[in-house]
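Good morning, and thank you for joining this presentation.

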Amino acid sequence: MVRNRLKEVIYFKQRIKYLQKNLERTILGRCLNTFLVDCKLSHFFLYSLRHSNIDIQLTIGIPFVTVSARTGHITPSTTSDIYAYVLK
């Protein structure tokens, strides 16, 4: 159980690094950067919108199981472990 959880966390962290690196190079990433510069807003990673979306879903009361399925987490416990701070 612990070994599977560790593999899941490692995979998740590797996936985040990959997505952050590659999303910024996409057309959408470049459009976002242009928009931020034009509006004189601080730079942020496109991937951070994913976290904002998950935070919003959990804040308005959408169940962890539903949010977990939408985000592609392997188990609902992944979602609850990462986003437990939302409930505090």
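I will begin with the chain as a whole and then turn to one helix pair and the core.

This is a predicted model, in which local features need pLDDT of at least 70, side-chain atom pairs count only at pLDDT 80 or more, and totals for chains, interfaces and linings use all residues. Residues are numbered from 1 along each chain as its sequence is written, and side-chain values use heavy atoms, with hydrogens and water left out.

The protein chain has five helices and zero strands; helices are DSSP runs of H or I with at least four residues, strands are runs of E with at least two, and both are numbered from the N terminus. Of the 88 residues in the protein chain, 24% are buried, meaning under 20% relative accessible area with a 1.4 Å probe, protein chains only.

How do H3 and H4 cross? The axes of H3 (residues 48-59) and H4 (residues 64-71) come within 10 Å and cross at roughly 160 degrees. That makes H3 roughly antiparallel to H4, a term for angles over 145 degrees, taken from 0 to 180 degrees between N-to-C directions of lines fitted to C-alpha atoms over the stretch in contact.

From H3, Arg-50, Ile-54, Gln-57 and Leu-58 meet Phe-64, Val-67, Arg-70 and Thr-71 of H4, contact being heavy atoms within 4.5 Å.

Which residues form the largest nonpolar core? They are Ile-54, Leu-58, Val-67, Tyr-83 and Val-86; such a core is a set of buried Ala, Val, Leu, Ile, Met, Phe, Trp, Tyr and Cys residues joined through side-chain atoms within 4.5 Å. Leaving aside neighbours within four places in sequence, Ile-54 is in contact with Val-67, Thr-71 and Tyr-83.

Note on methods:
Parallel < 35°, antiparallel > 145°, perpendicular 65-115°, else oblique. Buried < 20%, exposed > 50% of the residue type's maximum accessible area, 1.4 Å probe, protein only.
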